Amino acid sequence: GSTVRRPKEDFVALRNVLLTIHILGVIVWLGFGTYELLLSREIRRARDTPLEIDLIRIYGRYAGLVALATLVVAAAGVLMSVILGWGFFTSLWLGTKQAIMLLILADMAYLVPTFIATAKATAALTHPGGSVLDRTRQMLERIERHVLPMRLGALAAVILAVWKPVV
């Protein structure tokens, strides 16, 4: 015959799906964040060469994936907190992770105009040198000053998820 799922089984299944989405989002977030970090280093090394523009374009092409992964991680986290009843700021490890994510999302929101301007400037790059390249460099440096703390926050959140300190 047919089997009827019990509410507890549904809860466990939902938890597993949300947790899987959350963890996959974190993997993409940290993976592309690391790629972005290495690529920004290569952009600085290629300064004033034709390769610099190509690297900036590659950076711009994939930078949105970091933001998308961040939003997936945040959405899955919110859903787990709401639907699974974990709540917000209910324990030290979870509350700290949630505070870190709020700060990261606020910083991302603050940077949206810079992200948009950088994408437009990157699309307009045609040759080494010039004011467009200088402006693009300045915006990328500004973004990097914000992204570094975001990366450190993401790493801290992963450590908290594994360690789960109890106080």
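A charge sits over a ring if NZ of Lys or CZ of Arg is within 6 Å of the ring centre and within 35 degrees of the ring normal. The model is predicted: local features need pLDDT of at least 70 and side-chain atom pairs count only at pLDDT 80 or more, while totals for chains, interfaces and linings use all residues. Residues are numbered from 1 along each chain as its sequence is written, and side-chain values use heavy atoms, without hydrogens and water.

**View 1. Lys164 over the face of Trp93.** The distance from the ring centre is 4.9 Å.

**View 2. The aromatic cluster of Phe32, Tyr35 and Tyr62.** The whole structure holds 2 aromatic pairs (ring centres of Phe, Tyr or the six-membered ring of Trp within 6.5 Å; planes under 30 degrees apart are stacked, over 60 edge-to-face, the rest tilted). Phe32 and Tyr35 form an edge-to-face pair, 6.4 Å centre to centre with 90° between the planes. These two residues are separated by about one helical turn, because they stand 3 residues apart in helix H1 (residues 7–45); helices are DSSP runs of H or I, at least four residues, numbered from the N terminus. Tyr35 is partly exposed at 35% relative accessibility, where partly exposed lies between buried, under 20%, and exposed, over 50% (1.4 Å probe, protein chains only). Tyr35 also pairs edge-to-face with Tyr62, at 6.4 Å and 80°. Since Tyr35 lies in helix H1 and Tyr62 in helix H2, this pair ties together parts 27 residues apart in sequence.

**View 3. Ile83 in helix H2.** Ile83 is partly exposed, with a relative accessible area of 46%.
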